[in-house]
Amino acid sequence: MYPSRFRYEAPHSLNEAISLLHDGGDDAKVLAGGQSLVPLMKLRFASPELVVDINNVPGLGYHRSDPDGTLRIGALCRHADLERSDLLRGTQPTMAAAAPVIADPIVRNRGTLVGSLCHADPQGDWASVVLSLGGSVVAQGPGGRRTIPMAEFVTGPFENVLDPDEIAIEALIPPAQGVRGGGYLKLERRVGDFATVGVAVSVELSDGTVTRAGIALTGVGGSTIAAPEAAAALTGRSLTAETISRAADLAAGAARPRTDHRGSAEYKRHMVQTFVERILSRIDHGSADDTAERAA
Ligand SMILES: Cc1cc2nc3c(=O)[nH]c(=O)nc-3n(C[C@H](O)[C@H](O)[C@H](O)COP(=O)(O)OP(=O)(O)OC[C@H]3O[C@@H](n4cnc5c(N)ncnc54)[C@H](O)[C@@H]3O)c2cc1C
């Protein structure tokens, strides 16, 4: 199907893009990678009157680390940039594990992490990853910039807190307090599918003690699910069989899966427990960065 008629603008500056969005109001949409927006428009689930393509806005394709270790991912940084990133491989095990299991190479070449956060699909992988890392989104609008914690960014399926004339310009991941470990595991029916179950685990360790933990779940509820009780079961403790098992049970309890053609609710809940245990056990055994895999 063809999309409804729309006006297309491709401004060359952020201010121009914001001004176009401001004038367009609720009928305007940002286009980044287009990997979610364009299919929705073709299916006529979305029919914006104005599409503001930000791909000509310079200086948004970066991902880089500040001197204090804060990671910044610009609005035009593609999934493929993150998949190939040495910076992520060296410092961000959960992100490095997630990047190669998002969609397929074609989608990864165009789609963006920030676009995925904005799209707020309950089956989007990056939202869980960024949530587990305590990340945030920086938005810019006519009134200036504001930083929104990821935990407050998504308000429901396909909904976020951005005003119609705000653009998410970057995502931020705070620096680790100690050594960072973690992973992302995803159960999918075929390579390239959205997650039947996805689990993001991020921990920071100092002298063998977990100083910070984050666990978030993909595809097992109406939106991305944080599992703070599971994370709290790890904080201040070392990673032992007992603490790992307790965190895995609590994470499984936080899941809200539904039975469908991809599996029963019970099976999906069991997979959450298994994935949490698997990721944490690998950190315990000193191989935190080898958790990039797809589960069949
Ligand atoms: C076949 C296929 C398989 C896929 N599989 C997966 C998968 O396994 N896992 C997964 O996580 N995703 C998957 N995706 C989605 C993909 O990751 C998208 O790239 C991502 O969801 C959206 O990023 P985008 O840059 O393409 O955003 P767009 O499609 O350009 O935009 C998506 C939405 O976000 C808004 N938006 C985008 N950027 C901004 C911004 N900077 N500021 C404000 N609003 C913005 C747009 O207005 C729109 O509403 C798949 C997509 C396809 C087509």
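**Figure 1. Lining of the second largest pocket in the predicted model.** The residues lining this second largest pocket divide into three nonpolar, four polar and five charged. The lining includes Arg256, Arg258, Asp260, Arg262 and Lys268. Pro122, Gln123, Gly219, Val220 and Gly221 are also among the lining residues. The space in the second largest pocket is about 160 Å³.

**Figure 2. The largest pocket.** About 1,300 Å³ of space lies here. The lining of the largest pocket counts 50 residues. Nearest its centre lie Ser36, Leu37, Gly115, Cys118 and His119. By class, the lining of the largest pocket has 25 nonpolar, 15 polar and ten charged residues.

**Figure 3. Elements that line the largest pocket.** Two or more lining residues come from each of strand S2 (28-31), helix H2 (37-42), helix H7 (113-119), helix H8 (125-132), strand S9 (159-160) and strand S10 (167-173). H7 gives the most, with five residues.

**Figure 4. An open sheet of three strands.** The order is S1-S3-S2, and the pairing is parallel. Strand S1 (7-9) and S2 stand at the edges. Each has a single partner strand, so one side of each is left without a neighbour in the sheet. From one strand to the next, the twist averages 20°.

**Figure 5. Pairing of S2 with S3.** Four bridges join S2 to strand S3 (residues 50-53). The two strands run parallel. Alanine 28 has leucine 50 in S3 as its bridge partner.

**Figure 6. Helix H1 on the sheet.** Helix H1 (residues 14-24) packs on the sheet and touches S1, S2 and S3. The direction of H1 makes about 170° with that of S3.

Notes. Residues numbered from 1 in each chain as written. Predicted model: local features only at pLDDT ≥ 70, side-chain atom pairs only at ≥ 80, totals over all residues. Heavy atoms only, no water. 1 Å grid on protein atoms, 1.4 Å probe; cavity = no way out; pocket = protein on both sides within 12 Å on 5 of 7 lines; lining within 4 Å. Points joined across faces, edges and corners; volume = space filled by probe spheres on them. Nonpolar A, V, L, I, M, F, W, Y, C, P; charged D, E, K, R; others polar. Pairing = 2+ DSSP bridges. Axes fitted to C-alpha atoms, helices over the stretch in contact; angles between N-to-C directions. Contact = heavy atoms within 4.5 Å.
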